[in-house]
Every structure is written in C-alpha cells, then in structure tokens.
Amino acid sequence: MTTENEYRPGLEELAGHYKDIISLLGEDVNREGLEKTPMRVAKAMQVLTRGYQQDPRKVLTDALFEEKYDQMVIVKDIDFFSMCEHHMLPFYGKAHVAYIPNGRITGLSKIARVVDIFSHRLQVQERLTQQIKDCINETLKPLGVMVVIEAKHMCMQMRGVEKQNSITTTSDFCGAFNQAKTREEFMNLLRGESKRI
C-alpha cells in the first residue's frame, strides 16, 4: 500500500489538472464535497499506475532458486485491476500463469507480483498478457510459459455498447506451450482445479 511519503513527484500538478477537469465538466470545485477531490484522484491515479516505478524482472530474480523440477507450475486465479489506456476506465479479472522450469524456479508469490506490476500501468489486455509472458520467459528462461487473462472492461459496461456480462479472454504462450498437447493440459488443469476448490 502506498503511504503518504511514497507518492511520486508531480502530485500537486496532477491534482491541479484534475481540478481543471472537474471545473470543465461543469462542477463547482470549491463546494464542500469536491474541495479535496482533485488531490484524492491524483493520489489514486499514482497508486493505480505504480507499476511504472517497479521492475518485474527484479521481483522474479530476488527469489530465484536452483531446482530440478521440470513439470508445469501453475499460479491461477490471480486477481488484478488495471486501467484501459483508451478511456482510462478500469478493467479487472483473473490471470492464470503457467511455466515449465528449466533448472530454476521463482517464489510463487513473485508470479502474482509480476501480474500486479504490469497491471498497474495504463494497459490494453492484449499487451498485458504478452508482457507477463515475455517477462517470465526472458527472466527465468523456462522451457515454456503460458498466460491466460479473463477480464471485464468498464469501458464496455458503462459506455459504448454497454454489455454488462461480456468477458474478454486473451492468451499468449511460447516454448513447450507451442505444442497443442501442453496447452490442452494447462487448460484442463485450470478447469479441473476450479471445480475441486
């Protein structure tokens, strides 16, 4: 959680811009309920985009261990929230990540942290999926990586087509997951584990 002294430079300027935006929308920025809103929004936006200040590769290498395990490692149902770069509205859902180690593993929580870092940037779901996969592949150099993301987009729910229940699924994979059999095993494990838990 971001504390007061961890906010980035430019916070006051950002709040000033939000004050102008609120005024341009037709509101009185000096009324009681809105007086502190520009700063609140500025702080919230810095938290929601904190991923720009974090290095996901360092997160993975900080907990790197030699291990002769060469079967699939899956971290599923990783909750995430991100901001669509097209409308700056949230999209949110779950990420499922699998990799097959090649002599090195990382702490399981580090996979979730990688998802967290990339999702705390202005994003599109397609790029988010690819960035997670590329980071794990380039850092751990495993036998293969696969990432599946399922998300709901507020820009589709609140505006435009206003479809409340649509879910967007994206996937990216490399290495051993180029084989259909390996991808199928991953997807079967996702479906099967969900039923048992």
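Helix 1 passes helix 2 in a right-handed crossing, in a model that is predicted. Helix 1 covers residues 11–24 and helix 2 covers residues 37–48, and the two pack at an angle of about 120 degrees with their axes 8 Å apart. Because angles over 145 degrees count as roughly antiparallel and those from 65 to 115 degrees as roughly perpendicular, helix 1 and helix 2 are therefore described as oblique to each other.

On the side of helix 1, the residues that meet helix 2 are Leu 11, Glu 12, Leu 14, Ala 15, Tyr 18, Lys 19 and Ile 22, and their counterparts in helix 2 are Thr 37, Pro 38, Met 39, Val 41, Ala 42, Lys 43, Met 45 and Gln 46. Sorted by class, the contact of helix 1 with helix 2 has 10 nonpolar, 2 polar and 3 charged residues.

A further helix pair is formed by helix 4, residues 108–119, and helix 5, whose axes come within 10 Å and cross at roughly 135 degrees. Helix 4 and helix 5 are therefore also oblique to each other, and their crossing is right-handed. Ile 111, Val 114, Val 115, Phe 118 and Ser 119 are the residues of helix 4 that meet helix 5, where Leu 128, Gln 131, Ile 132, Cys 135 and Ile 136 take part. By class, the contact of helix 4 with helix 5 has 8 nonpolar and 2 polar residues, and no charged residues.

| Helix 4 with helix 5 | 8 residues | 2 residues | no residues |

As for the chain as a whole, the protein has 7 helices and 7 strands, and from the N terminus on its elements run α-α-α-β-β-β-β-α-β-α-β-α-β-α. The C-alpha trace of the protein chain spans about 60 × 40 × 25 Å along its principal axes.

Note on methods
Residues numbered from 1 in each chain as written. Predicted model: local features only at pLDDT ≥ 70, side-chain atom pairs only at ≥ 80, totals over all residues. Heavy atoms only, no water. Axes fitted to C-alpha atoms, helices over the stretch in contact; angles between N-to-C directions. Helix = DSSP H or I, 4+ residues; strand = E, 2+ residues; numbered from the N terminus. Parallel < 35°, antiparallel > 145°, perpendicular 65-115°, else oblique. Left-handed = near helix turned anticlockwise from the far one by under 90°. Contact = heavy atoms within 4.5 Å. Nonpolar A, V, L, I, M, F, W, Y, C, P; charged D, E, K, R; others polar.
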